[in-house]
Amino acid sequence: MAFPDRIERTLQLAHPPQRVWAALTTAEGLGTWFGNRAEIDLRLGGQAKLSWDSGDTATLTIERLEPPHVFGYTWPVHGLPDGDPRRTYVEFTLEPAGTGTTLTMVESGFAQLPDAGVHDVAFSGNTEGWTAELGELVAYLDGRA
């Protein structure tokens with residue numbers, strides 16, 4: 001039985017692509033909606049380091065950068081031990097939509113997890129996580145964060 005490989009979400013945002021791009025690719029943006037603090041070296045191969053008040057951290061490696069339309073990175077798989085080399089790939093695509101933006105987020109790479117238990121932890125954890133985080137992105141863009 002094949003495991004689901006990707007999580008995909010599409011949002012219609014009432015903000016222009018440049019504003020959404022800044023929320024995704026600046027330390028201020030990321031450190032508000034996707035963590036409590038962030039540092040970012042915005043270049044191919046650069047890293048973004050996120051930290052939360054809980055003590056959790058995440059390091060993203062930028063793999064695709066096409067301002068202001070595509071931002072992609074790899075990051076550790078939720079539920080695997082620190083140092084495990086496996087990563088998933090997250091890509092945000094921004095398309096103008098009237099005065100707003102259609103934002104599509106796809107995270108892929110879950111099928112590389114051969115064990116059902118490990119896959120379920122990673123896939124369900126990130127599915128729930130993206131629901132919460134994208135809600136925080138909307139709140140940030142709308143000035144409610």
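**Hairpins and strand pairs**

Me: In the hairpin of β3 and β4, which residue takes a positive phi?

Reply: The hairpin of β3 and β4 has five residues between the strands. Strands are DSSP runs of E with at least two residues, helices are runs of H or I with at least four, and both are numbered from the N terminus. Two strands pair if DSSP finds at least two bridges between them. The positive phi, near 100°, belongs to glycine 55.

Me: What pLDDT do local features need here?

Reply: Residues are numbered from 1 along each chain as its sequence is written, and side-chain values use heavy atoms, with hydrogens and water left out. The model is predicted, so side-chain atom pairs count only at pLDDT 80 or more, totals for chains, interfaces and linings use all residues, and local features need pLDDT of at least 70.

Me: Which residue of β4 stands opposite serine 51?

Reply: β3 covers residues 47–51 and is joined to β4 by five bridges, the two running antiparallel. Opposite serine 51 stands threonine 57.

Me: How many residues lie between β4 and β5 in their hairpin?

Reply: β4 and β5 run antiparallel and are joined by five bridges. Threonine 61 stands opposite threonine 74 in β5. The number of residues between the two strands of this hairpin is three.

Me: Which glycine has a positive phi in the hairpin of β2 and β3?

Reply: β2 and β3 pair in the antiparallel sense over four bridges, and alanine 38 has leucine 50 of β3 as its bridge partner. Their hairpin has six residues between the strands. The phi near 85° is that of glycine 45.

**The whole sheet and its helices**

Me: In what order do the strands of the sheet lie?

Reply: Strands of a sheet pair through backbone hydrogen bonds, either parallel or antiparallel. In this open sheet of seven strands the pairing is antiparallel, and the order is β1-β7-β6-β5-β4-β3-β2.

Me: Which are the edge strands, and what is the average twist?

Reply: An edge strand here pairs on one side only, and the two are β1 (6–13) and β2 (37–40). From one strand to the next, the twist averages 20°.

Me: Which residue of β7 stands opposite glutamate 8?

Reply: β7 spans residues 100–108 and runs antiparallel to β1, with eight bridges joining them. The residue opposite glutamate 8 is valine 106.

Me: What angle does the direction of α3 make with that of β1?

Reply: Helix α1 (residues 17–25) lies across β1, β2, β4 (57–66), β5 (70–76), β6 (87–97) and β7, at about 160° to β6. Axes are lines fitted to C-alpha atoms, for helices over the stretch in contact (heavy atoms within 4.5 Å), and angles run from 0 to 180 degrees between N-to-C directions. Helix α3 (residues 116–141) touches β1, β5, β6 and β7, and its angle with β1 is about 15°.

Me: Is glycine 109 buried or exposed?

Reply: Glycine 109 sits in the loop between β7 and α3 and touches Asp5 and Thr88, leaving aside residues up to four places away in sequence. Buried means under 20% relative accessible area, exposed over 50% and partly exposed in between (1.4 Å probe, protein chains only). Because its value is 18%, glycine 109 is buried.

Me: What is the relative accessibility of alanine 58?

Reply: Alanine 58 is found in strand β4. Residues up to four places away in sequence aside, it touches Ala48, Lys49, Leu50, Trp52 and Trp75. Alanine 58 counts as buried because its relative accessibility is 11%.

**The largest pocket**

Me: Which element supplies the largest share of the lining of the largest pocket?

Reply: The largest pocket is lined by 23 residues, with Thr57, Ala58, Trp75, Pro76 and His78 nearest its centre. A pocket is an open set of points on a 1 Å grid over the protein atoms alone where a 1.4 Å probe fits, with protein on both sides within 12 Å along at least five of seven lines; lining residues have an atom within 4 Å of a point. β4, β5 and α3 each supply at least two lining residues. The largest share, five residues, comes from α3.
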